[in-house]
Amino acid sequence: NEYKSYLSLIQSTMDLKYPGVQCGLSLMLIGSLALILCGIFVARPNFLGMKFEAGACNITRASAKTGDQPACKVGRYTYEKYPCPTVSGYFTNNNTESVSFGKFHNNYEALDHGCLYSPSQTQCSRHYSKNADRAYRFFAKEIFPKVYNDMRYPYFENISSLNIHYNSSQTFPCFGHNNNMFFKNNYSKSKGIVAIVLPTIVILLGVTVLMYEIVTRYRMEY
C-alpha cells in the first residue's frame, strides 16, 4: 500500500502545474537536445581528429573541377551548394616514417564530402557565387604556395585557371590519418569531453530539480 501511495504521489507530483516539474523537465529536454547536437557536431569530429598525427606532405595533383557539389546549411531550413575542389598527395608520418597517399581537407565536414574545402556554418552563404568565391580563394591561397614555394597566389577570374597537374617535391607540415590529411589540426580531446560533459550536467541538474520536487511533495503529504 505504501508503495502504491508513493507511486500515486509521484504521478500527481509530475503535474506540469508545479514550477519544479516545469523547470526539471525543461532542463532535461534542453540538455538532451544539446547532448545530441554537441555529440554530432563537436564531440565526434574532435575525437576523430585526435587520431591525426603530425607529418610532412607534398601535393601531387590538384583540381578545382567541381564534380558533385555538396551543400551547406544556411539558417534553419535553407541549404546552398558550394564547389568541391580536390587535392591529393603523400603523407609521411613523423613517428613511423610510413608513407600514404590521400586527399587534403580544411575541416572534418570537407573530409566527409571528400573535398578540399567546406565552409563553416557561419561562412555558408545563400548565394552560390559567394560560396564558390570562398572555395576558389581557399584553393589558390593554400595550394599555390605549397606547390610553387611562392607565398603570392594568383588573381583568377574562373576556376579553370587553378587546375594543377604537378608532382611537387615541396614538402610542408600537415596531419594525416587513414588516407586523409589536414593542413591544420585544431581538434582535441578536451573539446570533445567538454561537448559531452556540459549537456550532461544540464540533464543531471534537471533530474535533481525534479527529484527535489517529488521529495518535497512527499514530505508535505506524510
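I'll go through the barrel, the core, the aromatic rings and one loop.

Keep in mind that this is a predicted model.

Start with the sheet. Here 5 strands close into a barrel. The order is β1-β4-β5-β7-β6, and the pairing is mixed. On average, neighbouring strands of this sheet are turned by 50° against each other, ignoring direction.

Now look at β6 and β7. These two strands run antiparallel, and 3 bridges join them.

Next, the inside. How many residues does the largest nonpolar core have? It has 18. Those with the most contacts inside it are Cys57, Val87, Phe104, Leu116, Ile143, Phe172 and Phe183. The elements that give two or more residues to this core are β1, β4, α4 and β6. The largest share is from α4, residues 128–148, with 6 residues.

Leaving out residues up to four places away in sequence, Phe104 touches residues including Cys57, Ile59, Val87, Leu116, Phe172, Met181 and Phe183.

On to the rings. The structure holds 7 aromatic pairs. One of them is Phe104 with Phe172, and this pair is tilted. The rings sit 5.8 Å apart, centre to centre, with 40° between the planes. Why call that tilted? Because planes under 30 degrees apart count as stacked and over 60 as edge-to-face, and the rest are tilted. Phe104 lies in strand β5 and Phe172 in strand β6, so the pair ties together parts that are 68 residues apart in sequence. Both Phe104 and Phe172 are buried. They also belong to one aromatic cluster, together with Tyr117, Phe138 and Phe183.

Most residues other than glycine have a negative phi. Asn178 lies in the loop between β6, residues 172–177, and β7, residues 180–182. Asn179 is found in the loop between β6 and β7 as well. Exposed or partly exposed? Asn178 counts as exposed because its relative accessibility is 57%. Asn179 has 45%, so it counts as partly exposed.

That's the tour. Over to you.

Definitions and conventions
Residues are numbered from 1 along each chain as its sequence is written. This is a predicted model: local features need pLDDT of at least 70, side-chain atom pairs count only at pLDDT 80 or more; totals for chains, interfaces and linings use all residues. Side-chain values use heavy atoms; hydrogens and water are left out. Helices (H or I, at least four residues) and strands (E, at least two) are DSSP runs, numbered from the N terminus. Buried means under 20% relative accessible area, exposed over 50%, partly exposed in between (1.4 Å probe, protein chains only). Two strands pair if DSSP finds at least two bridges between them. Axes are lines fitted to C-alpha atoms, for helices over the stretch in contact, and angles run from 0 to 180 degrees between N-to-C directions. A nonpolar core is a set of buried Ala, Val, Leu, Ile, Met, Phe, Trp, Tyr and Cys residues joined through side-chain atoms within 4.5 Å. Contact means heavy atoms within 4.5 Å. Rings of Phe, Tyr and Trp (its six-membered ring) pair if their centres lie within 6.5 Å; planes under 30 degrees apart count as stacked, over 60 as edge-to-face and the rest as tilted.
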